[in-house]
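The following paragraphs go through a two-chain structure one part at a time. Please keep the sequence and the coordinates open while reading.

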Amino acid sequence: MKPAFAASIAALSLLMMSAAPPPQGVDTARLMDAAPAPTLAAYRLFTDAGGRAPDAALTPYALNTPLFSDYAEKQRYVFVPAGQKGSYRPTGVLDLPVGAVLVKTFAYPADFRQPKEKVRFIETRLLIHRASGWVPLTYVWNDAQTEAVLKRAGARTPVTFTDARGTSVSFSYAVPNVNQCKECHALSGALTPIGPKARNLNGDYAYVTGAENQLAHWTRSGILQGVPADAPKTPHWDDAATPVQALAFAYLDANCAHCHNPEGAASNSGLYLEYERTSGVARGLGKRPVAAGKASADLDFDIAPGEPDRSIMIHRMESREPGVMMPELGRALAHKEGIDLIRAYIAALPKS
Amino acid sequence: MTGAHPMIRPAGAALLAFLFATTAQAAILKVAPGKEAQERLQSALIDAKPGDTVLLGAGTFELTDGLSLDVKDVTVKGAGQDKTILDFHGQMAAGEGLMITSNGVTVRDLTVLDAKGDAVKAKGVDQISFIDMKVDWSGPPKSTNGAYGVYPVSSTNVLIDGVTVRGASDAGIYVGQSKNIIVQNSLAHFNVAGIEIENSMNADVHDNLSTHNAGGILVFDLPNLPQQGGHSHRIYRNKVVDNDTENFAPKGNIVASVPTGTGVMVMANRDIHVFDNTISGNASAAVIVTGYKREIKDAAYEPLPRDVVVRGNHIGRNGWAPNIPGAPEAAALLPKPMPPILWDAATRFTRVGGAPVEEKVNVVLSDGPVLRLNLTDVNNLMSAKPTIVPSVPGTPVAEPKPVVLPPAQARLSKK
């Protein structure tokens, strides 16, 4: 062995011995700290600086019918601390233990016809279950896509993408402020997750190990207990094999019912759109507007059965004007495919 | 006596420490207009702790999004209602200018300008106060303006005092589905409705000026809502004059049914007392007492106004050109000039799918003459067989007790 080489080996060994190994794994203590970390990296939810490689303790998931958010792609993960489990609930969101974290990154590919290429991350939202309750935090990615920093007061960023039809779309993307998080995420004033309801998770996910039902996967990986064999299921809103009314109910549940329920931010409207609700007037059929103001657009009913063009619901879904558009937070663009679905649902309702 | 000293001193020290702690805790967060006003102001509204004041400097805050406040017991205070302007003409999202979801909030001494939707909304809170503030939409009144100026809803203990609202496409001052309410010393002009109390309990609306709206003061109760069955309001000592702005509400809204030139309108509700007001210069009518005239799909809803008292008002010239939106043929049936008070006198209504319901309806309408429409059914205007009577004596109705707010909030009142 040449002395110089031996010396360098020795130096390398010394270096490896003296340098503390980098900390590994999700930093649960940091997540529970009441003072939010200034950068997303501090929680070590991802193993890379760009937030593309989740820690092995994170489970990716998808919702059968998600909330439309300006066509953003959403990458969702759930983290449940080792040794703990969430519990199944037949209605409402799963009962996730203190320490659980829901992670959601909003992203745009440059061109939706190549969805895996040139994907720009905009923001990563965390919902952290602390002993005091669920806490929302939002981290906004820099242009270099190397760091996401805390933004509590909201932010705006220009977004441009080419849509699935090849049309270029540009708009001002709004990152919500923490109070706006609560507006949608509150039930009777307490902050709660919206998406991970058993019925909205009850479907297959393409894991790296292969496709598997999500509730089964969560059970098998030890983060969920109590799932029955006959768990309810929300349809995929774009599943052509399902009757249009069920699709519409699923879509309205995911896009409206977080506010439009008796305990939500829009409780005073009397318009309630949870998936399970059947009553016609509360669902908007022949229901007159109460506090819609100009958003009623000279129309008489939230839903005029058989007449989508005379339904306030369609008008507000199509609008991009604040004070008119619904949902009033979380979108700047109109969701053409969702509007088409609700139009078809209203058109199929018998005229009264 | 020497034994008493050591006992008193620690208690005194503790009291002193407590007082010190409370005063030290209440901070003032100052925000000046200028660059990035949106983020700086919203940050202050997030960082404020209970008891704090967010103090806004003089000048115009150019805002790009809705603001929101979710910390209890915070005061948002400007340098004066004509000095601090929250300008929302560049607002890109949110249904209101400022949204409040926490208890004990006071907004005062500022102007909210050109909000895209409602100007200031408070939802589901206790002890909300709007003091010496202004809401305005630039230009002439138009249907594309926001619906409501100040908009507390589903709340308890509401104080609106010294507030001016101009240009709302629904109601300037609107209180919905709330309880224990005072609206006083305020000015509502060039709105569709000046002041509206809807689906609420126990409101004192007094010493306000409501002018140049389509309708001056409305007391409504509507079906299919979580809180209904409004009752026990006192509408008194207001000036409800010259409400002469053409109704510019989008027509699907209930206020679109308010005849241009209405002074006070009571729809459904019970135990409503309208007295000592000055009501003049309203082309349709001084006071309208009416049932809910649309289809009723709500089994719990009461569409008829009951125990309504109209007495001792100073009634000037009104009713020289009555109009009923969408029903000119019905308007043609009305005598001209109209008697000051119009009552539909309906005692029967029918719910969708139900049998007709007959009710004994008591009203005390002393400021006659009164035009009774004598409807056979509340929503059948064409069944009217109008008669004019000097008054409707009815059975006396005890006046509701004055509204009393919790002490900390009552201290904000200008009286």
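How many helices and strands does the secondary structure of chain B come to? The secondary structure of chain B comprises 4 helices and 36 strands, where helices (H or I, at least four residues) and strands (E, at least two) are DSSP runs numbered from the N terminus. The model is predicted, and local features need pLDDT of at least 70, side-chain atom pairs count only at pLDDT 80 or more, and totals for chains, interfaces and linings use all residues. Residues are numbered from 1 along each chain as its sequence is written, while chains are lettered from A and ligands numbered from 1 in the order in which they are written.

Consider the overall dimensions of chain B. The C-alpha trace of chain B spans about 85 × 60 × 45 Å along its principal axes. Of the 415 residues in chain B, 57% are buried. A residue is buried if 20 or more other C-beta atoms lie within 10 Å of its own, exposed if 12 or fewer, and partly exposed in between, with C-beta atoms placed from the backbone. Among contacts in chain B between residues at least 6 apart in sequence, 63% join residues at least 24 apart; two residues are in contact if their C-beta atoms, placed from the backbone, lie within 7 Å.

Next come the sheets of chain B.

B:Lys121 has B:Tyr151 as its bridge partner in E13(B). Further along the order is strand E25 (residues 262-267) of chain B, where 6 of the 6 residues are buried, so the strand is largely enclosed by the rest of the structure. Strand E22 (residues 215-220) of chain B pairs with E25(B) in the parallel sense over 4 bridges, and B:Val219 stands opposite B:Val266 in E25(B). Strand E28 (residues 285-290) of chain B also pairs with E25(B) in the parallel sense, over 5 bridges. There, B:Met265 has B:Ile288 in E28(B) as its bridge partner.

An open sheet of 10 strands in chain B has parallel pairing, with the order E3-E6-E9-E12-E15-E18-E21-E24-E27-E30. Its edge strands, E3 and strand E30 (314-315) of chain B, each pair on one side only. E3(B) pairs in the parallel sense with strand E6 (residues 84-87) of chain B over 4 bridges, and the bridge partner of B:Phe61 in E6(B) is B:Leu86.

Which strands does helix H2 of chain B pack against with its buried residues? The buried residues of helix H2 (residues 37-47) of chain B are B:Ala37, B:Gln38, B:Leu41, B:Gln42, B:Ala44 and B:Leu45. Seen down the axis of H2(B), these residues fall within an arc of 155°, so they line one face of the helix; the arc is that of the directions from the helix axis to the C-beta atoms. They pack against strand E1 (28-31), strand E2 (53-56), strand E3 (59-62) and E4 of chain B.

Turning to chain A, strand E12 (residues 204-207) and strand E13 (residues 210-213) of chain A pair in the antiparallel sense over 4 bridges. A hairpin joins E12(A) to E13(A) through 2 residues, and A:Ala206 has A:Ala211 in E13(A) as its bridge partner. Elsewhere, A:Ser132 lies in the loop between strand E5 (119-130) and strand E6 (133-141) of chain A. A:Ser132 is exposed, with 10 other C-beta atoms within 10 Å.

Finally, the contact between the chains takes 38 residues from chain A and 37 residues from chain B. On the side of chain A that touches chain B, strand E9 (168-175) and helix H3 (178-185) of chain A are the elements that give two or more residues. H3(A) gives the most, with 4 residues.

How values were computed
Two strands pair if DSSP finds at least two bridges between them.
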